[in-house]
Amino acid sequence: LKMIKRLNEGVDHWGGQLAGASDITIGAAANPGAQDLDVELSKTKAKIDGGAVFFQTQLVFDGDQFLRFMDKIRPTGAKVLCGVFPVRSYKGALKMNEIPGVKVPDALLKKLETSKNPEEDGIQAAADLIARIKGSCAGVHLMTMNRVESIPQILDRAGILAKA
């Protein structure tokens, strides 16, 4: 990050002046679901010091946890895109819990485990999350894993998609 920041300032890795400066928007990863939020915030602030101006989060399933993260990171001025993934099955949700920093809430796991239509419940959970956090961050990165047809449904249910 610091190297890119220096290139943007017209300086090379060794401190020499370049003929011009790059114009690279610097982004980095953030994990609002980290076990130790204070450590994650410290890492995030170090990335900001290194030149990051926006962050893409790890997958988020807990709106309250994300909002706590945003309350702490907002004063830095960094833009945050919240990673949102509509889970399709109970088994898939359990797999999400194997990703470091990702935690599917127990209530959603229980709902998916007994659901007659878990993909529908995953779509609704994603919409509910977006509705809960909209306005708190710069936007969302909606990752549907080749299920693009679910995007209008999710955005409509979240109150984002304008009706014609």
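These are my notebook entries on a predicted model of a protein.

**Ground rules.** I number residues from 1 along each chain as its sequence is written.

**Overall layout.** I looked up the secondary structure and found seven helices and four strands. Helices here are DSSP runs of H or I with at least four residues, strands are runs of E with at least two, and both are numbered from the N terminus. Along the sequence I read α-β-α-β-α-β-α-α-α-β-α. I then boxed the C-alpha atoms along the principal axes and got roughly 65 × 40 × 25 Å.

Among contacts (heavy atoms within 4.5 Å) with a separation of 6 or more, 68% join residues 24 or more positions apart.

**A look at α5.** Which residues of this helix are buried? In α5, residues 106–114, I noted Leu108, Leu109 and Leu112. They lie on the same side of α5 because they cover an arc of only 100 degrees around the axis, taken from the directions from the helix axis to the C-beta atoms. On the other side of α5 I found Ala107, Lys110 and Thr114 exposed. I also checked what covers the buried residues of α5, and the cover includes α4 (90–96) and α6 (118–133).

Technical notes: Predicted model: local features only at pLDDT ≥ 70, side-chain atom pairs only at ≥ 80, totals over all residues. Heavy atoms only, no water. Buried < 20%, exposed > 50% of the residue type's maximum accessible area, 1.4 Å probe, protein only.
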